[in-house]
Amino acid sequence: DIVEAIERGRNPNTLENSVETDWIAEIQPIGIDQAELVWAWRSWDHLVQDFDADIEGFGNISDNPQLLDINLNYTYDDLFGMGDWMHCNGVDYNADLDQIVFSSRHFSEIFIVDHSTTMQEAASNQGGNAGKGGNILWRWGNPENYNSGSSEDRKLFGQHDPKWIPQGYPDEGKISVFNNGYQRDGEYSSIHLIDPPLLADGNYSLSNGSFLPNDYAWSWQGDVLNEPFFGPIESGVNMLPSGNFLVCEVFGRFFEVTREGNVVWVYKCPVGQEIIDQYDTNWIDVFRAERYAPNYSAFINRDLTQGNYIENFNPVSDNCSLFEVVGIDNENTMEEISVSPNPASQNVEIISNWLNVEYKIYNNLGKLMLISETNNIDVSLLNAGIYLVELFDTETTKRVICKLIIQ
């Protein structure tokens with residue numbers, strides 16, 4: 001509450017509401033509706049303040065990056081009238097390291113703490129594999145929070161969903177994160193890989209008082225269906241076994257993007273208060289999306305037979321019968337069409353007598369690979385194989401399909 005916050009060194013002049021702090025709990029299920037708390041980490045146990053030298057936890061903020069500055073004011077509006085101090089929104093566990101990574105949206109930082117501690121050690125600054133108790137082992141994204149950088153050094157903006165890349169995947173051991181972009185110039189989101197420099201004792205490297213690395217290990221921001229992708233709140237990303245990334249935008253759109261930045265699959269969640277169509281602009285709130293392989297344990301002894309389409313109308317799936325056509329759709333025959341060169345390897349030019357044409361290229365499974373508003377299309381990043389080119393007249397809504405071979 002407010003009184004306790006002031007007793008811990010919070011400047012009362014910056015305190016309008018109670019300070020609601022976050023904690024991480026590990027519970028063991030008992031029966032079907034009970035659980036036992038077996039481990040916990042509390043942010044309130046790891047504070048520093050430079051407001052009052054006579055109060056516990058007084059110290060130099062920049063000298064104590066392993067602690068949270070109780071006078072750090074988050075920079076987001078208090079939408080719910082609460083002192084939602086950190087607003088933690090994602091957590092992941094690494095069994096090999098016995099460490100936990102979590103995200104604070106309001107701090108625009110992600111943190112790593114030691115899980116190998118006892119409950120008592122987690123509340124202290126000693127114990128555990130790294131010897132630091134429950135103190136922060138690593139934090140990243142906004143070093144200005146511990147007086148070791150400026151706004152120019154900020155890398156994260158209201159981020160969500162940090163995850164360690166699993167063993168056996170490309171970039172195993174790195175951390176993926178969805179960078180929402182809130183408070184960043186321009187309305188766009190981005191996804192990143194971060195490679196924290198782990199030391200042999202379980203701690204992490206600093207340079208000039210700031211935790212490393214200095215920048216992302218990999219980053220992507222780009223267009224999906226000809227518009228910048230943007231999830232201002234919630235949202236998430238996770239790497240697939242192929243090395244591609246599955247991204248969830250909060251308004252209910254999921255897409256898969258390759259390491260090279262090619263969007264190879266897009267799907268809009270159709271289930272809300274009513275069933276909506278693919279490409280509908282309605283907001284269907286989805287916090288996060290995860291991929292589960294067919295052999296996932298929860299699917300055992302369950303019927304995974306594909307049913308009917310959920311959507312009332314899907315301009316892709318409803319036209320899948322056209323994909324059986326090799327040549328031109330006879331119902332929409334054009335006076336002239338040419339695809340050259342065909343086979344192609346770099347660029348392909350599509351000539352027709354339509355004036356307002358959108359071009360889409362699908363692979364032989366019907367997956368959307370490219371969208372273009374110009375008839376000269378760069379296909380150099382497509383793998384060799386047989387593709388289908390869809391020409392769609394945005395004025396008359398006529399459509400035609402033809403075959404393209406990439407070599």
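Modeller: Start with a bridge: Cys248 of β18 is the partner of Gly236. The model is predicted, so local features need pLDDT of at least 70, side-chain atom pairs count only at pLDDT 80 or more, and totals for chains, interfaces and linings use all residues. Residues are numbered from 1 along each chain as its sequence is written, and side-chain values use heavy atoms, with hydrogens and water left out.

Strands here are DSSP runs of E, at least two residues long, numbered from the N terminus. Strand β17 covers residues 236-239 and pairs with β18 in the antiparallel sense, over four bridges; pairing takes at least two DSSP bridges between the strands. Five residues lie between β17 and β18 in their hairpin. There, Gly243 has a positive phi near 100°.

On to the next hairpin. β18 and strand β19 (residues 253-257) run antiparallel and are joined by five bridges. Glu249 has Arg253 of β19 as its bridge partner. Three residues separate these strands, and Gly252 takes a positive phi near 105° in the hairpin.

How buried is β18, residues 245-249? Five of its five residues are buried, so the strand is largely enclosed by the rest of the structure. Buried means under 20% relative accessible area, exposed over 50%, and partly exposed in between, with a 1.4 Å probe and protein chains only. Both faces are covered. Phe245, Val247 and Glu249 are on one side. Leu246 and Cys248 are on the other.

Now the rings. The structure holds 16 aromatic pairs. One of them is Phe102 with Phe111, stacked at 5.2 Å centre to centre and 20° between the planes. Rings of Phe, Tyr and Trp (its six-membered ring) pair if their centres lie within 6.5 Å; planes under 30 degrees apart are stacked, over 60 edge-to-face, the rest tilted. Phe102 is buried at 2% relative accessible area, and Phe111 is buried at 0%. Trp138 and Tyr204 form a tilted pair, 6.2 Å centre to centre with 45° between the planes. This pair links distant parts of the chain: Trp138 sits in strand β8 (residues 138-140), Tyr204 in the loop between β11 (190-194) and β12 (206-207), 66 residues apart. Trp138 and Tyr204 are both buried. Phe178, Trp220, Phe229 and Phe255 make up one aromatic cluster.

Last, charges over rings. Arg105 lies over the face of Tyr182, 5.3 Å from the ring centre. Lys155 lies over the face of Tyr216 at 5.8 Å. The test requires NZ of Lys or CZ of Arg within 6 Å of the ring centre and within 35 degrees of the ring normal.
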